[in-house]
Amino acid sequence: MLSESEFLKITEEIYRFHTKRAPGIPIGVAMVDLARQHLGPIQGKLNAISETQACLSDVLQVMTGCTMGNRYLRVMKDIGRYALTLFDREDGRGVRVSVDLGKIDPQKTPELYKFFRRERGEEVEKGGEAREASGRLILEEFQRIGRDIFRVQRVRVRQHGKPPMLHAAICPECGESFLQRNEMHRRCDVCAGEAGYYDLVED
Ligand SMILES: [Zn+2]
């Protein structure tokens, strides 16, 4: 478990990486720390799953070295829960840490309560001073009750092995190399009109 000074140091490091002092960062640091502690030693490679794209994915990348790039981190952003799982790629043994909303008292920690229910209101959504003040308050409240708000579950990750490496093919239209899902997949998704995210602009 991280000491108080280690906790603050890693939180500052992730604020820099994340480029914002979001309250989800220190909360995430405590969650990852808790998951590591419960997981204990592992046989294979440490892998991680984030159930949200917000904050937690950055906390995981800095604290565990599981990144999007090395594919040890999977971000299942469509789930949208503020939760993570750390697991052993060898056998899928893992620990899931989530937030137990029932343990967040609206009287004792009102800002934290609103934060996890996304009820902080328009002023805070807009950013600026209101958002910063809210962030400071959330942190104070969190430090007061700390890890009591988390739920820890032992899990077995279903598809825990090394993800399959797809074959590369050359798209006949753009001439670029892309990853081919199967034999029927001949053109890249952009040329096939399924993933066009840009329009070309003339110089
Ligand atoms: Zn193409």
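User: Let's start with α3. Is it mostly covered or open?
Analyst: Mostly covered. Seven of the nine residues in α3 are buried. Keep in mind that this is a predicted model.

User: Which residues of α3 are buried?
Analyst: L56, S57, D58, V59, L60, Q61 and M63.

User: Take α2 against α3. What's the geometry?
Analyst: Helix α2 covers residues 24-39 and helix α3 covers residues 56-64. Their axes come within 9 Å and cross at roughly 50°. That angle makes α2 oblique to α3.

User: Left-handed or right-handed?
Analyst: α2 passes α3 in a right-handed crossing.

User: Which residues meet there?
Analyst: From α2, G24, I25, G28, V29 and V32. They meet L56, V59, L60, M63 and T64 of α3. By class, this contact of α2 with α3 has seven nonpolar residues, three polar and no charged.

User: Now α1 on α3. How do their axes cross?
Analyst: The axes of α1 and α3 come within 10 Å and cross at roughly 120°. The two helices are therefore oblique to each other. This crossing is right-handed.

User: Which residues make that contact?
Analyst: On the α1 side, I10, E13, I14, F17 and H18. On the α3 side, D58, V59, V62 and M63. The contact of α1 with α3 has six nonpolar residues, one polar and two charged.

User: What happens just after α3?
Analyst: G65 sits there, with a positive phi of about 75°.

User: Which residues have a positive phi without being glycine?
Analyst: T19 is one of them, at about 65°. R71 also has a positive phi of about 65°, and R71 is not a glycine either. For background, most residues other than glycine have a negative phi.

User: Where is T19, and is it buried or exposed?
Analyst: T19 is in the loop between α1 and α2. T19 counts as exposed because it has 8 other C-beta atoms within 10 Å.

User: And R71, where is that?
Analyst: In the loop between α3 and β2. R71 has 12 other C-beta atoms within 10 Å, so R71 counts as exposed.

User: Switching topic. Where does V99 sit?
Analyst: In strand β4, residues 93-99. V99 is partly exposed because it has 18 C-beta neighbours inside 10 Å.

User: What does V99 touch beyond its sequence neighbours?
Analyst: Leaving aside residues within four places in sequence, V99 is in contact with Y82, F116, I149 and F150.

User: How far is V99 from F7?
Analyst: 19 Å between C-alpha atoms. The two are 92 residues apart along the chain.

User: What about I42?
Analyst: I42 lies in the loop between α2 and β1. With 16 other C-beta atoms within 10 Å, I42 is partly exposed.

User: Zooming out. How many helices and strands?
Analyst: Six helices and seven strands. Along the sequence, the pattern is α-α-β-α-β-β-β-α-α-α-β-β-β.

User: How is the chain divided into domains?
Analyst: Domain 1 is 4-156 and domain 2 is 164-203. The C-alpha centres of domain 1 and domain 2 are 35 Å apart.

User: What are the overall dimensions?
Analyst: The C-alpha trace spans about 60 × 50 × 30 Å along its principal axes.

User: What share of the chain is buried?
Analyst: 25% of its 203 residues.

Key
Residues are numbered from 1 along each chain as its sequence is written. This is a predicted model: local features need pLDDT of at least 70, side-chain atom pairs count only at pLDDT 80 or more; totals for chains, interfaces and linings use all residues. Domain bounds come from an automatic or database domain assignment. Axes are lines fitted to C-alpha atoms, for helices over the stretch in contact, and angles run from 0 to 180 degrees between N-to-C directions. Helices (H or I, at least four residues) and strands (E, at least two) are DSSP runs, numbered from the N terminus. Angles under 35 degrees count as roughly parallel, over 145 as roughly antiparallel, 65 to 115 as roughly perpendicular and the rest as oblique. A crossing is left-handed if the near helix is turned anticlockwise from the far one by less than a right angle, and right-handed if clockwise. Two residues are in contact if their C-beta atoms, placed from the backbone, lie within 7 Å. Ala, Val, Leu, Ile, Met, Phe, Trp, Tyr, Cys and Pro count as nonpolar, Asp, Glu, Lys and Arg as charged, and the others, Gly among them, as polar. A residue is buried if 20 or more other C-beta atoms lie within 10 Å of its own, exposed if 12 or fewer, and partly exposed in between; C-beta atoms are placed from the backbone.
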